[in-house]
Amino acid sequence: CNDTLDSGAIYAGLTFTAPGNIMRFNYIHDIENKVKEMTGTATTVVGIYFDERLSGEYVYSNVFENIDRACFIGSGRYNTVERNVMINCPQSVYIARYWTFSESLLDGLKVYENNALWKKEFPWIAETAEDEPKEPKYNRVNDNVLYNSAMPQIPEKYSYLLDPTGNVIFDSTDIFADYDNKDFSILAKSDIYKEIEKLYDMLVE
């Protein structure tokens, strides 16, 4: 990713209809847009990049380190980013209203209205066309551990769409098992366990 623009270590997008993917237990690190020095273009490269409309994905128990932007959600919905550790990430999670609108794309969603299997597993897909499809609704960004990283960001005029609760910024590496040797497991005895008890996947004694 370091020699590209507008890309991600894990990238997918351009559809509402590819839900159900799980991204977990990854160590994604040292991603920086180095091309901007040559081109003058500052387009960010991302750890996990959900491009236009990608929806229904689950990102949890990952470690992101030294990344300009750890996660990006571009106008998708029903994505969940939780229980991750983000270290030295100027932008931890960024959510934006961003996609190329087309009526034909919305018409394509209607085929799911009468598909029993899809309707059972992902009922929201058929409803999206009538529910402000351009807006990044129903995403969840909760219970992430942030060290030297910013809180999740969303443009102010869309902030009503998301309530990113439970994310905690820590200013000490004492919460980690062995920060210097890049063991970012969370110590069960640390103060953070009192604040985010859902971090069971990353706890060590």
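Buried means under 20% relative accessible area, exposed over 50%, and partly exposed in between. The model discussed here is predicted.

Q: Why is Phe184 called buried?
A: Phe184 has a relative accessible area of 5%. The cut-off for buried is under 20%, so Phe184 at 5% counts as buried.

Q: What makes Tyr27 partly exposed?
A: The relative accessibility of Tyr27 is 37%.

Q: How many aromatic pairs does the structure hold?
A: The structure holds 14 aromatic pairs. One of them is formed by Tyr27 and Phe184.

Q: Why is the pair of Tyr27 and Phe184 called tilted?
A: The ring centres of Tyr27 and Phe184 are 6.3 Å apart, and pairing needs centres within 6.5 Å. Their planes are at 55 degrees; stacked needs under 30 and edge-to-face over 60, so the pair is tilted.

Q: What parts of the chain does the pair of Tyr27 and Phe184 link?
A: The pair links distant parts of the chain: Tyr27 is in strand 3 (residues 27-31) and Phe184 in strand 15 (residues 183-187), 157 residues apart.

Q: What makes the pair of Tyr147 and Tyr179 edge-to-face?
A: The ring centres of Tyr147 and Tyr179 are 5.7 Å apart and the planes meet at 75 degrees. Edge-to-face requires over 60 degrees, so this pair qualifies. Tyr147 belongs to strand 12 (residues 145-147), while Tyr179 sits in the loop between strand 14 (176-178) and strand 15, 32 residues apart in sequence.

Q: Are Tyr147 and Tyr179 buried or partly exposed?
A: Tyr147 has 15% relative accessible area and is buried, because the limit is under 20%. Tyr179 is at 22%, between 20% and 50%, and is therefore partly exposed.

Q: Which residues form one aromatic cluster with Tyr27 and Phe184?
A: Tyr147, Phe176 and Tyr179 form one aromatic cluster with Tyr27 and Phe184.

Q: Why are Cys71 and Cys89 in no disulfide?
A: The sulfur of Cys71 is 8.5 Å from the closest cysteine sulfur, in Cys89. A disulfide needs sulfur atoms within 2.5 Å, so 8.5 Å is too far for a bond. The structure holds 0 disulfides.

Q: How do you know that Cys71 and Cys89 are buried?
A: Cys71 is at 2% relative accessibility and Cys89 at 0%. The limit for buried is under 20%, so Cys71 and Cys89 are buried.

Definitions and conventions
Residues are numbered from 1 along each chain as its sequence is written. This is a predicted model: local features need pLDDT of at least 70, side-chain atom pairs count only at pLDDT 80 or more; totals for chains, interfaces and linings use all residues. Side-chain values use heavy atoms; hydrogens and water are left out. Buried means under 20% relative accessible area, exposed over 50%, partly exposed in between (1.4 Å probe, protein chains only). Rings of Phe, Tyr and Trp (its six-membered ring) pair if their centres lie within 6.5 Å; planes under 30 degrees apart count as stacked, over 60 as edge-to-face and the rest as tilted. Helices (H or I, at least four residues) and strands (E, at least two) are DSSP runs, numbered from the N terminus.
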